[in-house]
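Have a look at the structure below before reading on.

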Amino acid sequence: MEVLRPQLIRIGGRVYRKNPIQEQTYQHEDEDDDCYQGLVECAEESCEGYEVVQTPQGFRCTLKAPSLLYKHIVGKRGDTRKKLEVETKTSISIPKPGQEGEIVITGQHRSGVISARTRIDVLLLTFRRKQPFTHFLAFFLNEAEVQERFLKFQEEVLEKCSMDHGVDSTIFQNPKKLHLTIGMLVLLSDQEIQQTCEMLQQCKEEFIELQELVDRVLERFQASGLIVKEWNSVKLHATVMNTLFRKDPNAEGRYNLYTTDSKYVFKERESFDGRNILKLFENFCFGTLKLNSIHISQRFTVDSFGNYASCGQIDFS
């Protein structure tokens, strides 16, 4: 990270910079404290969008967060929370691990409560981005015609291009799992799954045309923080071939590179030569179908039809 071009983090319409820190080697369990040090300066600007209530004892602000992220606010031996409380002159109450509830910030000064809330939001967003993707928004393509055409495509590719480097049956998608991906999600609680369902319903009521629909859906979820912003527009795509399938038929592309504790996993992959495939099958028709619904699909799951298990959906007809 360059000193003059630090990473920017967007929260509630405001942009904060995540300042670089001196790189040292620490154990994984110490990373919370290191991250906090790098976020202190960038979170100083107050945000008037927070709801702060005046009480007889001072001021109070609450926020909800998945219990999985509590430990990042507490820090090792409670050090992160202590630093937050001392530097903002507040008291921060966090539910016990495994319990859902509200994080409560209290203090004598409104500015201190807002500062603590802002810093906590930055911490939550930072560590949310380190979590592996859990769900994705998608249109299912599990119609019989599309599956049959996909199998025909696979048959013809193997017939005409099997001599090309790396091309074999192991890199093709499972036809029952064909889908158009809109965006990848990190949903860490039942409440966030419910929030996603409600947001999808709002999108259904407000958007109509397909490309506008997926672009606006992506924009809405990016603003909520549930989807990390990578593109300004959705490029609808269905994965039909992927070299990750060679060793793991359930692999899901570049989104399958991190463990549950956020550590990067290197996967050795054998490439394949797709030039002839692109040339011979550039106009291959996979059939037609009507896209009637958007699903919230859970990764690494299978329903009774062999597709990804759906946690919720909106229907258009």
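A search of the whole structure, which is a predicted model, finds eight salt bridges. A salt bridge here needs a side-chain nitrogen of Lys or Arg within 4 Å of a carboxyl oxygen of Asp or Glu.

Begin in helix 4, where arginine 117 and aspartate 121 are four residues apart, about one turn of the helix. An α-helix has 3.6 residues a turn, so residues three or four places apart point the same way. Arginine 117 and aspartate 121 form a salt bridge, with 3.2 Å between the closest N and O atoms. Both arginine 117 and aspartate 121 are buried.

Another salt bridge joins glutamate 270 to arginine 246, and here the closest N and O atoms are 3.9 Å apart. Both residues lie in the loop between helix 7 and helix 8, so the pair ties together parts that are 24 residues apart in sequence. Glutamate 270 has 39% relative accessibility and therefore counts as partly exposed. Asp168 joins Arg246 and Glu270 in a network of salt bridges.

What else surrounds arginine 246, leaving aside its neighbours within four places in sequence? Its contacts include Gly166, Thr170, Ile171, Ser271 and Phe272. A polar atom of the arginine 246 side chain lies 2.5 Å from the backbone oxygen of glycine 166. The backbone oxygen of glutamate 270 is 3.4 Å from a polar atom of that side chain.

A further salt bridge connects the side chains of aspartate 273 and arginine 275, at 2.7 Å from N to O. Aspartate 273, at 21% relative accessibility, counts as partly exposed, whereas arginine 275, at 63%, counts as exposed.

Now turn to helix 6, which covers residues 190–206. Its 17 residues, at 1.5 Å a residue, should span 24 Å, and the end C-alpha atoms are 25 Å apart, which agrees. Which residues of helix 6 are buried? They are Glu192, Ile193, Thr196, Met199, Leu200 and Cys203. Seen down the helix axis, these buried residues fall within an arc of 120°, so they line one face of helix 6. The face turned away from the buried side carries the exposed residues Asp190 and Glu205.

What do the buried residues of helix 6 pack against? Their partners include two helices, helix 4 and helix 7. Strand 7, strand 8, strand 9 and strand 10 are also among the elements they pack against. Helix 4 is also where arginine 117 and aspartate 121 lie.

Note on methods: Residues numbered from 1 in each chain as written. Predicted model: local features only at pLDDT ≥ 70, side-chain atom pairs only at ≥ 80, totals over all residues. Heavy atoms only, no water. Polar contact = N/O pair within 3.5 Å; in protein donor to acceptor, adjacent residues only side chain to side chain. Contact = heavy atoms within 4.5 Å. Expected span 1.5 Å × (residues − 1). Buried < 20%, exposed > 50% of the residue type's maximum accessible area, 1.4 Å probe, protein only. Arc of directions from axis to C-beta.
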